[in-house]
Amino acid sequence: MNWEAFLAPYVQVVEELKVKLKGMRAQFEFESRHSPIEFITGRVKPVPSILEKAHRKHSTMEEIEDEIQDIAGVRVVCQFVDDIYTVIDMMRTRKDFTIIEEKDYISCKKDSGYRSYHMIIEYPVETIHGEKMVIAEVQIRTLAMNFWATNEHSLNYKYEGQIPADIKARLKRAGEAAFKLDEEMAKIKDEVQEAQRIFHKNKSSH
């Protein structure tokens with residue numbers, strides 16, 4: 001298996017999506033409106049992680065492209081929960097990719113406490129052999145959800161997916177606290193955005 005050649009279209013998808021999403025963020029800022037996007041990150045799953053997931057799902061090498069949907073992953077991080085739905089609506093109206101599945105782990109959080117909105121998309125990549133449809137995952141979440149998920153990911157890595165019960169319980173409570181933070185911030189969202197507008201206006205006039 002030539003992994004470099006296999007992963008090249010995925011690398012391209014991540015780079016192109018990052019550019020497009022950053023473009024959306026810039027457009028909001030040009031129009032001096034609140035941007036629902038705080039920042040964007042992206043990555044292509046490392047080969048050992050792909051193989052491990054394939055092993056877990058009993059996928060053959062031929063099935064990897066269809067069955068592992070997060071080889072290309074882009075994360076959109078927002079300030080407020082409302083912003084997530086603004087981004088979702090914008091993604092749904094785009095014509096440059098097709099959404100094939102949506103998973104709402106915000107209204108239906110995972111048992112662990114994980115919250116995020118996942119969109120599985122099919123993205124056309126131009127290769128030297130013509131167009132190739134590549135499956136990618138876009139995760140949309142708030143800063144608080146991202147903080148929680150990053151820590152959970154590290155703990156899962158350390159404990160190889162078997163997080164001790166006491167830490168698991170703490171993590172669940174932290175997930176609830178993160179959600180509470182999002183709820184409280186939503187109540188003062190207008191104030192925060194007004195403050196940010198004033199700040200940007202003053203900064204650009206100096």
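Modeller: Keeping in mind that this is a predicted model, I would start with the second largest pocket, which has a volume of about 400 Å³.

Colleague: Which residues lie nearest the centre of the second largest pocket?

Modeller: The residues nearest its centre are Glu-29, Arg-33, His-34, Gln-196 and His-200, and they belong to a lining of 15 residues.

Colleague: And which elements supply at least two residues of that lining?

Modeller: Those are α1 and α7 (189-205), and it is α7 that provides the largest share of the lining of this second largest pocket, with 6 residues.

Colleague: How many nonpolar, polar and charged residues does the lining of the second largest pocket have?

Modeller: Sorted by class, that lining holds 8 polar and 6 charged residues, together with 1 nonpolar residue.

Colleague: OK, on to the largest pocket: how much space lies in it?

Modeller: The largest pocket contains about 1,300 Å³ of space, and 34 residues line it, with Arg-43, Lys-45, Lys-53, Asp-70 and His-153 lying nearest its centre. Two or more lining residues come from each of β1 (39-44), α2 (47-57), β2 (72-78), β4 (117-127), β5 (130-142) and α5 (143-158).

Colleague: Which element gives the most to the lining of the largest pocket?

Modeller: That is α5, which contributes 6 residues to the lining. Taken by class, the lining of the largest pocket is made up of 15 charged, 12 polar and 7 nonpolar residues.

Colleague: Changing topic, which residues form a nonpolar patch on the surface?

Modeller: Met-1, Leu-51 and Met-61 form such a patch, and together they have about 280 Å² of accessible area.

Colleague: Where does Met-1 lie, and is Met-1 buried or exposed?

Modeller: Met-1 is found in the segment before α1 (3-30), and Met-1 counts as exposed because its relative accessibility is 56%, where the cut-off for exposed is over 50%.

Colleague: Stepping back, how many helices and strands does the protein have?

Modeller: There are 7 helices and 5 strands, and read from the N terminus the elements follow the order α-β-α-α-β-α-β-β-β-α-α-α.

Colleague: Last one: what box do the C-alpha atoms fill, and what percentage of the residues count as buried?

Modeller: Along the principal axes, the C-alpha atoms fill a box of roughly 55 × 50 × 30 Å, and 38% of the 206 residues of the protein count as buried.

Terms used:
Residues numbered from 1 in each chain as written. Predicted model: local features only at pLDDT ≥ 70, side-chain atom pairs only at ≥ 80, totals over all residues. Heavy atoms only, no water. Patch = residues over 30% accessible without salt bridge, like charges linked within 9 Å, V, L, I, M, F, W, Y side chains within 5 Å. Areas by Shrake-Rupley, 256 points an atom, 1.4 Å probe, with all protein chains shown as cover. Salt bridge = Lys/Arg side-chain N within 4 Å of Asp/Glu carboxyl O. Helix = DSSP H or I, 4+ residues; strand = E, 2+ residues; numbered from the N terminus. Buried < 20%, exposed > 50% of the residue type's maximum accessible area, 1.4 Å probe, protein only. 1 Å grid on protein atoms, 1.4 Å probe; cavity = no way out; pocket = protein on both sides within 12 Å on 5 of 7 lines; lining within 4 Å. Points joined across faces, edges and corners; volume = space filled by probe spheres on them. Nonpolar A, V, L, I, M, F, W, Y, C, P; charged D, E, K, R; others polar.
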